[in-house]
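Open the model in your viewer and keep the selection tool at hand. The stops below go from whole chains down to single residues.

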Amino acid sequence: MFTKDIHADFADILYEVAGVDPADAAPEKSFTEDLGVDSLSMVEIALAAEERFGVKIPDGELTGLRTVGNAVDYIEKVLAAA
Amino acid sequence: MTAKSAAVFRAGRRDDAGRLTRARRDDIVVTGLGASTPLGGDVASTWAGLLDGRSGASAIGAGWARDLPARIAARVAVEPDTALERVAARRLDRCQQLAVVAGRQAWTDARLPRVGEGGIEAERLAVVIGSGIGGVLTLLGQHDVLIERGSRWVSPHMVPMLLPNGPAAAVALDLGARAAVHTPVSACASGAEALALGLDLLRSGRADVVLAGGVDAAIHPVTLAGFAQMRALSTRNDEPAAASRPFDKSRDGFVMGEGAGVLALEWASAAAVRGATPYAVFAGAGVTADGHHITAPDPNGTGAARAITLALRDGDLSPQDVRHVNAHATSTPAGDVAEAKAIRSAIGDHPVLTAPKSALGHLLGGAGAVEAIATVLTVRDDVVPPTRNLDDPDDAVGLDVVRMSPRRMAVPAAVNNAFGFGGHNVALAFHKL
């Protein structure tokens, strides 16, 4: 998968779960500070990402993913290693 | 606003001839109504449905109902998520969605300004929403997820969605209320108990405005099976609109419904200051317990009668003032007759009754609040909605129950009853402004 496809799919998840406008889901945006995504929704987003990309995001990693770009990079990295 | 003492509250409700006087500045009044019910998505359509004697019940056609003895339900007329933002709706259980919809309506209807503006302080706004069962549909749905996919896939939103206090918390969060937020849980009396508690919050000075009501949304094979095992549900499956028939000789149980009702309560003086037009005075409440059996009503209606008497005393009303009772009457063989006995002993033979569950079905925790709304509108408009399906009144009732068409009559004061499994009895008294 290309990074831009992962980003677009991840933006879809953000919209579906947390109502984030895909136009706002820029890589540098912080989930909590910019996009208003709370911790419960982050858990839901991680599960939806697992379904979409087949990439399981452990809790220890999830808390480190502060921005949209962090999450997309993480998913891309795991997919590349697979 | 400071706390009102009971002495001030009770002072001078009558003229020298003992007649009821107009609302005093220190009455508690109902200034806003909101509802989503099987008869309509708001109060106007619900009230029109009650006056028309429409039924909100229908057969459950889904395959899962095939093996149930009772396959009738009264679902809300308007799906609540259609009135909510998509993302907000998916984090709310169905009962929370209904409560938020009704809460917004009550707030708008009362013409209350945004919290923080126009003298409405968040810290002085309380919310009391009762529920009999809470987010049971979420719990059951997530149990299916657990079994089918495993614990990792259970929703992180499940717990706040299933909590019984979820509807009250959701309404408070939606409107910005930061005073007390309560959830009375007393089965089918929950909505009425919320109103009784709302009265107390205003009288004790713990809030200036209270949104109070009740909700349940629990139509599911398991709940239907459980109530059916108690032999509490009507099995008149071929005639769903005729199944709920309170006070009729051939009644055989209630029809499970879903829905929410919310009322805005405030001091008459505060309502007058902001130019609001109240619907009626919320005069008093009585709350008792049967102490008889966990589910069966006391056959003599003693606890219910005490609740009515307490409500009248609390509201400084005499039995003669009460011309109308909006009955709890669920259409069960034992309950309806016990309630009639209670009404006769606490008020007399003169009140004219209606049984709104004949049209609405039984909204469980929502019933007391939605039916209080109907009572308030009867007091304001001097019209009593008909009781559906009352073809052959039970001789043991011994009271005048309106049927066929609405009855226009003077209603200076009225009582609304709500009872719940557990032996809970709540009576609410309203009178004209």
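**Before you select**

This is a predicted model, in which local features need pLDDT of at least 70 and side-chain atom pairs count only at pLDDT 80 or more, while totals for chains, interfaces and linings use all residues. Residues are numbered from 1 along each chain as its sequence is written, and chains are lettered from A and ligands numbered from 1 in the order in which they are written.

**Chain A**

Select chain A. There are four helices and zero strands here (helices are DSSP runs of H or I with at least four residues, strands are runs of E with at least two, both numbered from the N terminus). The C-alpha trace spans about 30 × 25 × 20 Å along its principal axes. For 82 residues, a compact globule would have a radius of gyration near 12 Å, and the 11 Å of chain A agrees (taken over C-alpha atoms; the globule rule is 2.2 Å times the number of residues to the power 0.38). Of the 82 residues, 28% count as buried (20 or more other C-beta atoms within 10 Å of the residue's own, with C-beta atoms placed from the backbone).

**Chain B**

Now select chain B. It holds 14 helices and 16 strands. Its C-alpha atoms fill a box of roughly 70 × 55 × 40 Å along the principal axes.

**Where the chains meet**

Show both chains. Six residues of chain B are in contact with six residues of chain A (C-beta atoms, placed from the backbone, within 7 Å). On the chain B side, three of the touching residues are nonpolar, two polar and one charged (nonpolar: Ala, Val, Leu, Ile, Met, Phe, Trp, Tyr, Cys and Pro; charged: Asp, Glu, Lys and Arg; polar: the others, Gly among them).

**The sheet**

Return to chain B and colour its strands. Eleven of them form an open, mixed sheet in the order β5-β4-β6-β8-β1-β9-β16-β15-β10-β11-β13 (two strands pair if DSSP finds at least two bridges between them). The edges are β5 (181–182) and β13 (400–401) of chain B, each pairing on one side only.

Helix α7 (residues 166–175) of chain B packs on this sheet and touches β4 (125–131), β5 and β6 (209–216). Its direction makes about 150° with that of β4(B) (lines fitted to C-alpha atoms, for helices over the stretch in contact; angles run from 0 to 180 degrees between N-to-C directions).

Go to β1 (residues 28–36) of chain B. Two bridges join it to the antiparallel β9 (residues 280–289) of chain B. B:V29 stands opposite B:V281.

**Strand β4(B)**

Select β4(B). Which of its faces are covered? Both are: B:L125, B:V127, B:I129 and B:S131 are buried on one side, and B:A126, B:V128 and B:G130 on the other. β4(B) pairs in parallel with β6(B) over seven bridges, where B:S131 faces B:V215. With β5(B) the pairing is also parallel, over two bridges. There, B:V127 stands opposite B:V181.

**Helix α8(B)**

Last stop: residues 190–203 of chain B. Helix α8 has 14 residues and reaches 20 Å from its first C-alpha to its last, close to the 20 Å expected (1.5 Å times one less than its number of residues). Twelve of its 14 residues are buried, including B:E193, B:L197 and B:L201. Just after α8(B), click on B:G205: its phi is positive, about 80°.

Definitions and conventions: Contact = placed C-beta atoms within 7 Å.
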